[in-house]
Amino acid sequence: MNKKYLLLAGIAISLGIGILFMPEKNTEKQVQPEQLLAAINDPSRFLSTDDITDRLVKKDPALMLIDVRPATQFSAFSIPGAVNFPIDSLLTASIQDMLNQKEMDKVFFSSSDLTSDQAWIICKRMGLKRIYVLEGGVNKWFNTIVKAVKPAETAPAEAMELYQFRMAACQHFFGSREMGANPVATAEKKEVRVVKKASGDKTGGGC
Amino acid sequence: MAKNKRDGTFYINPYLGGVLLGLVLFGTYYITGRGLGASGAVKSTVVTAVHAVAPSHADENKYYSKFLSDDVSPMSNWLVFEVLGILAGGFLSGTIYGRLKLKVEHSPKITSKRRLIAALAGGLLFGIGSQFARGCTSGAALSGMAVLSASGIITMMAIFGSAYLFSWIFKKLWI
Amino acid sequence: MVGPLIPMGVIPETWNNVIALLLGGGFGFALEASGFSSSRKIMGTFFGYDFVVLRVFFTAAVTAMTGILYFDYMGWMDASMLYINPYYVMSAIVGGIIMGMGFALGGFCPGTSFCGIAIGKIDAMFFTAGLFIGVFIFSELYPLFEGMYNSRNLGGVKIYELLGMRETVFAFLLIVAAVGMFYGAGFVEKKVRKVEY
Amino acid sequence: MEELNKTNRLTILVVAFVLVIIVGLITLRRPDVKYTLSPAESLGLLNDAALVVTPDQALTLMNDSGGKTVFIDVRNSVAFERSHVKNAINIPVRELFAPKSKSAFREIEKAGQIAVLYGETQQQANGPWLMLRQTGYKNVLMFTGRYAQLERNLADSLLKLLPQFSETPQIDTAALKSISASAGISPDVAKTEKKAVAPVKKTGSSGGGC
């Protein structure tokens, strides 16, 4: 046979030997430290409480709110529609599967945004996509949305609009005095459940 | 080489063909993230045709309706364009190497008619089999092997294993 | 330029069809130029007088696999984003066996039959007509096959995971096996009586 | 089989393919920063109180002139210029893995000192701290307060003005109760209501201990 085939076979085998020396895949799939640092330095991962509230009220099916606090704090109070993945259990296979849904926006939150940001860093390192942090966490959410402060009469129109939006959202989640009189609030009542159901369905489909 | 290049008997070195094909396959994966395929185009065409002739029937059938969605016509499936490309590429190669000729290729021991019937039957079986295996030799076996998928390699072994067996049974058709 | 380009959004989806046409052209050219438009040449693999299918098929698979593995290693493409056909144990094997039978009868596979059509092979046209009828029959009788078609889905599993091997080891063994087969093929070809076609 | 004898183009193609791979391998930039902790180990860091410095501890460390502690300011250079902890080194977040920063950390490590990272808020120091810990620095601590708490003249006045959100739940149960109590609860909402509201009373009675 042609001598060149020996050469070609040699090339093929040596490429194969090269493959043998490649490291195991799963460690390589992590985001490298330098990229991770760049991601940490990028504040676009923070979503505001108003933004999240807006999406909750509009029952965005791609929104998945994740409470990373311990179960006791979660059961005490949490944002409606959130699921509870305590930060210690974040790396378990079933939770990673749920977080690995490409079509969902996963938003971590804790009481403030520290623990949630730590969860975000670990998950980002694991190569998860479309993950975010709720800026200020439940505390800020509670204080801006549930306890929305009425702006002064002299405040600009935007501030008043924001206040009205927050009040409406609060009614949407927890009901209110003017219920019945406000068609928006009644119409949206059912949607709280839809949001929950949607997120439940999605997480179920993950495994 | 230049002399016999155009008389239709010239073929490129099979390893060269293999490397070329491998690079095309690799390019397909690199660009689209999916492998090559051929039977998918047939499926798309059948689904579209059935849908055009009998829309209600297509919607009722569970298999057709899997591939019918309201917004995107299955005909726009990129495999169809890929098959058009195959036809163009094959035609180009046939032109270069002088193989363009309308004919029935068959073993001297059998008639053209027999060959055509066998080809039709073979195509029919291949059509059924490719739906079972979710891809044909190119879509499931070749593309699957490139990414080392289990379905690709198992399908490849099943195809070649049974083809070896049956080719001896149908030996008369060939030699 | 980290691949795969279209899923990564480097190339807009609107280019899909143009790319499909070009890649298909390359595919068709490689097949035809290697002789896959001739059913008797293809069948040579099974009777031992011409191993062109074996050579092209395995060279292509090994080349593409090597390219993907190296590009993934070098970070030029993300192999985890590649589409993996789901592995349905029963239907893959049954489908493979049926296809093998069709292969032995028809002498083509779908891709090569399109090449045959391109250069005017009438038998390839009949084969393709058969393909359409076959797909149609399958779809019409789908309720009969549904159970088997959907049974035992293992998902997009890789062969080395199934065998409990490391990917790199399996890839290396595949390359060695391919080279060994090429050597064996040359050996068999010398022994077997030539067939004119 | 004469086509098997024509190998020139094949050889050229294969060699070109191999060349691309070789060029790729040569130009491959190995990341010079590597993780030394697995994700699970990093997760374990988060609950370790020995890895953080509370504001009280920080103030004692600042007064202690033994030179055992180096404060690292991860804020941007403008904020650093305006004011910073005495003798602090400025390493903005984005420059954490720059060669200059690495040599600085190496020196600190060599001198047996301890680096305390602080930012405008704890949140800002958190990322760099976790990154350094994950990439193998064992002498890096995180300051758990905000920068204002380190700045003596600012500490008392500013701290009260800024709203603070800490990891302690700060849910005003009274406000929530008043909202839900006054609402005519329909059966639809009741489900969410109960789940969200009822346990709050419990934490309220326990004095918000957690």
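Helix α7 (residues 114-125) of chain A lies across β4 and β5 (131-134) of chain A, and its direction is at about 170 degrees to β5(A). The model is predicted. Chains A and D each hold an open sheet of five parallel-paired strands. Chain C, in contrast, has ten helices and zero strands. Chains B and C meet through 106 residues of chain B and 112 residues of chain C.

**Sheet of chain A**

- The strand order is β1-β5-β4-β2-β3, in an open sheet with parallel pairing.
- The edges belong to β1 (46-47) and β3 (83-84) of chain A. Each has a single partner strand, so one side of each lacks a neighbour in the sheet.
- Strand β2 (residues 63-67) and strand β4 (residues 105-109) of chain A run parallel and are joined by five bridges.
- Across that pairing, Met64(A) stands opposite Lys106(A) of β4(A).

**Sheet of chain D**

- Five strands of chain D form an open sheet, ordered β1-β5-β4-β2-β3 and paired in parallel.
- Here β1 (52-53) and β3 (89-90) of chain D take the edge positions. With a single partner strand each, they have one side left without a neighbour in the sheet.
- Two bridges link β2 (residues 69-73) of chain D to β3(D), and the two strands run parallel.
- Asp73(D) has Asn90(D) of β3(D) as its bridge partner.
- Helix α6 (residues 122-134) of chain D packs on this sheet, where it touches β4 (114-118) and β5 (140-143) of chain D. The directions of α6(D) and β5(D) make about 165 degrees.

**Phe71(D) in strand β2**

- Phe71(D) sits in strand β2 of chain D.
- Is Phe71(D) buried or exposed? Phe71(D) counts as buried because it has 22 C-beta neighbours inside 10 Å.
- Leaving out residues up to four places away in sequence, Phe71(D) touches Val85(D), Asn87(D), Ala88(D), Val116(D) and Tyr118(D).
- Leu117(D) is 46 residues from Phe71(D) along the chain, yet their C-alpha atoms are separated by 6.1 Å.

**Helix α1 of chain D**

- Helix α1 (residues 8-27) of chain D has 20 residues, which should span 28 Å at 1.5 Å a residue. Its end C-alpha atoms are 28 Å apart, in agreement.
- Leu10(D), Val14(D) and Phe17(D) are buried in α1(D). Viewed down the axis of α1(D), its buried residues fall within an arc of 60 degrees, so they line one face of the helix.
- The face turned away from the buried side of α1(D) carries exposed residues: Asn8(D), Ile12(D), Ala16(D), Leu19(D), Val23(D), Ile26(D) and Thr27(D).

**Chain C**

- Of the 197 residues in chain C, 56% are buried.
- Among contacts in chain C between residues at least 6 apart in sequence, 66% join residues at least 24 apart.

**Where chain B touches chain C**

- The contact involves 106 residues of chain B and 112 of chain C.
- On the chain B side, at least two residues each come from α1 (14-32), α2 (39-53), α4 (62-67), α5 (78-96), α6 (112-132), α7 (137-146) and α8 (150-169).
- α1(B) supplies the largest share of that side, with 18 residues.
- By class, the chain B side has 63 nonpolar, 33 polar and ten charged residues.

Definitions and conventions: Residues numbered from 1 in each chain as written. Chains lettered and ligands numbered in written order. Predicted model: local features only at pLDDT ≥ 70, side-chain atom pairs only at ≥ 80, totals over all residues. Pairing = 2+ DSSP bridges. Helix = DSSP H or I, 4+ residues; strand = E, 2+ residues; numbered from the N terminus. Contact = placed C-beta atoms within 7 Å. Axes fitted to C-alpha atoms, helices over the stretch in contact; angles between N-to-C directions. Buried ≥ 20, exposed ≤ 12 C-beta atoms within 10 Å, placed from the backbone. Nonpolar A, V, L, I, M, F, W, Y, C, P; charged D, E, K, R; others polar. Expected span 1.5 Å × (residues − 1). Arc of directions from axis to C-beta.
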